[in-house]
Amino acid sequence: MGKRRNSLALCELATLFFVQILVLVTGQSTNASSWNTLSGKRPVVIAKGGFSGTFPDSSVGAYSFALVAGLPDTILWCDVHLTKDGVPICLPSITMDNCTSIADIYPKGRKQYVVNGVTTAGWFAVDYKNSDLSQVSLRQRIWSRTERFDYTGYTILSVTDLESQVKPSSLWLNMQYPKFYEQHGLNMRNYTIALSNQVVINYISSPEEGFLNGISSRVSNITKRIFRFPSEGLTDPSTNKTYASLIKNLTHIKTFASGILVPKGYIWSVTNDNYLQDHTSLVTDAHKAGLEVFAADFANDNLFSYNYSYDPLAEYLQFIDKADFSVDGVLTDYPITPASAIGCFKDLNTSSVNHGKPLIISHNGASGDYPDCTDLGYQKAVNDGADVIDCTVQVTKDGVLICMSSINLISTTTVAQSQFSSRTSIIPDLQTTPGIFTFNLTWDEISKSLKPVISAPQSAYYIERNPRNKNSGNFIRLSEFLDFAKDKDLEGILLILEDVAFIQEKLGIDVLTAVTTAVTQASYGNGTFLQVNVLSTDSAVLTKLRQDTKYKLIYKIPTNIRDASNASVADIKHFADGVAINKYSVYPEDKHFITNETNIMNHLQSAGLKVYGYGFMNEFVSQAWDFFADATVELNTYYQGAGIDGFITDFPATARRYKRSQCFDAGNNTPSYFLPVQVGGLMQLIVTDAQPPAVAPFPVLSPNDVLEPPLPPVSSKTPLNASGPSIQPSHATRIVTSIFVVVFLLPAIVLSA
């Protein structure tokens, strides 16, 4: 235990030091706009157990971090439970086994009690004196979050500990189970009254009307009493009234409470397939009754409605920035995001488009919301404020240039469930697994017989995108893409050219000539002001275009690197104006913690090259823990912290809103919650024993990695068969194809059905 206590002390000091540094170096923004809250003031942010999305709920680390990561008056929330000797402690759950180490300390302590009519098993604080819990440490209770801070040894805090150690500017105590503790001989009312004489309590909430009535004349006038609503199907154990009936009698609630705390679904409910329905009138009705409304259950790593496109900031704005109402506060595991929503994103000018740095470049259109490279995806990207929209150019069997994110149709279309499912082959020049390629089908076969399939880059985590529109939209030809973009408010277009050498040599198609001809025929450079950009991983492609065109050329580095040799940078300068690098090349990660910032950005930009990052998406599992499951925090860190020139993103709407923020490029007036994250800051707070094992650094880019042999001459065009450019598949290939159909296609067909 001595080692654990030392680790605890060190981590607490490090956390508090980190907090103090940030407070010293930054100011706080104020938003003087009027709000549609009951008071007309901005909504409050209530940090549930502190910054519990990262640190163990109700730990000193979580509470301390919440004070700097959010607004200066962030309210700290404590779920109050009572020990056997009546000490009020902060714990996120009435059962302790999922949020503490108690099962390790007292392995035989499991009990079973009836809690508000429900038989519940576990370890309960009511069975232990406060001194018995001194050896018990707090743990992260959500399994999808990092467990690295569990090893810090954060001890359970009493309410007075919280007040003395963290010194919150505002404190919210939630008394969830007064009736349960009464059954065990502990009077929550009396303990609350006594506690109110020791610490300043700004809010007290409870789902029990009897409890709130019992303290009404015994606590300070500055203490607001809030009636908490759980699920509608439950009953208040103190009155036996259903919550469904109570929510319809707001004037009665006003007799014993000044506000209500409700699950967010009471305000914006969702359908069975997780899409938003029209908002209810609850906030407006409660305000008319003189009640404040606080919304609960916010967490950036929740799978909230698909309407928000995995963007937690968008969800908060839905509750606080409506023309007809705003909730009076939000209860959240991640206080940084609502702080940013309140301080930086209210009343944005959604019609403004600034094509300056950082550029917003779509990745296969708005591929986070619609299938890749479809008319709907491109229209959404334009509507969402992309500066540049992209087309990955592929070629069909009959030589038509199309926009398709992959040369392999299996990953982007329904070809696996079509009559063309037998046209599989392995082409080692392209990939080592079977595929059905764009050049295996004609344009008519693709456009009339297949449907697009929305991308699912996080399917390993069972996270899917916009299922209602997973097959929506139409494929488009390059010529249609060029015509579509011409009259849009864009900075330019991005054409992505890959596998050019293979197509020229094996298919006999001069791709570069075909692309440049299509661009010229669409009047680009002659009657349009849109910049034509071309991106490729093949230096030979860019070298040829450098000789023949005035396009802006971007070299994509397909692997993660930490730097580039001077020689390789000089080589890139010969054929490119910019470089696209994976975002992890800027901020490498170890077990999803940022370890350091590399020199690659500085090196490339010092050479006069623009640097664009790819790999940006909204799903929280795609981001380092350091970004707090918030895509805007990630974008802001790459721009403000690393100085990136542009984002290649699946979700242009998130990037555009970021550029419209009142805190964007605010300089010395940037509030703490809108600063770039401290590189390696979270990693430094992990105790030594819990540090992830060190990973090898990324390599340095060398000239051998950059320079490719010249493009092969265009071969004599030969008729293509169903399997591709080669002769009919060999016996071995037929075997592989058969295996592929059984292992890959049949399950896909069944799932589709």
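The largest nonpolar core has 197 residues, and Ile260, Ile267, Ile389 and Phe481 have the most contacts inside it. Such a core is a set of buried Ala, Val, Leu, Ile, Met, Phe, Trp, Tyr and Cys residues joined through side-chain atoms within 4.5 Å. Buried means under 20% relative accessible area, exposed over 50%, and partly exposed in between (1.4 Å probe, protein chains only). The model is predicted: local features need pLDDT of at least 70, side-chain atom pairs count only at pLDDT 80 or more, and totals for chains, interfaces and linings use all residues. Residues are numbered from 1 along each chain as its sequence is written, and side-chain values use heavy atoms, with hydrogens and water left out.

Leaving aside neighbours within four places in sequence, Ile267 is in contact (heavy atoms within 4.5 Å) with residues including Val262, His279, Leu282, Val293, Phe319 and Val327.

**Aromatic rings**

The structure holds 40 aromatic pairs. Rings of Phe, Tyr and Trp (its six-membered ring) pair if their centres lie within 6.5 Å; planes under 30 degrees apart count as stacked, over 60 as edge-to-face and the rest as tilted. The pair of Phe227 and Phe256 is edge-to-face because the ring centres are 5.4 Å apart and the planes stand at 85°. Phe227 belongs to strand S8 (residues 224-228) and Phe256 to the loop between helix H9 (250-253) and strand S9 (259-263), so this pair ties together parts that are 29 residues apart in sequence. Helices (H or I, at least four residues) and strands (E, at least two) are DSSP runs, numbered from the N terminus. Phe227 is buried at 0% relative accessibility, and Phe256 is buried with a relative accessible area of 0%.

Phe304 and Tyr308 form an edge-to-face pair, with 6.0 Å from centre to centre and 70° between the planes; both residues are buried. One aromatic cluster is formed by Phe51, Phe55, Phe65, Phe149, Tyr334, Phe593, Trp625 and Phe628.

A charge sits over a ring if NZ of Lys or CZ of Arg is within 6 Å of the ring centre and within 35 degrees of the ring normal. Lys488 lies over the face of Phe484, at 4.0 Å from the ring centre, and Arg657 over that of Phe345, at 5.6 Å.

**Backbone**

Lys357 and Pro358 are joined by a cis peptide bond with omega of about -5°. Pro358 is in the loop between helix H12 (336-344) and strand S12 (359-362).
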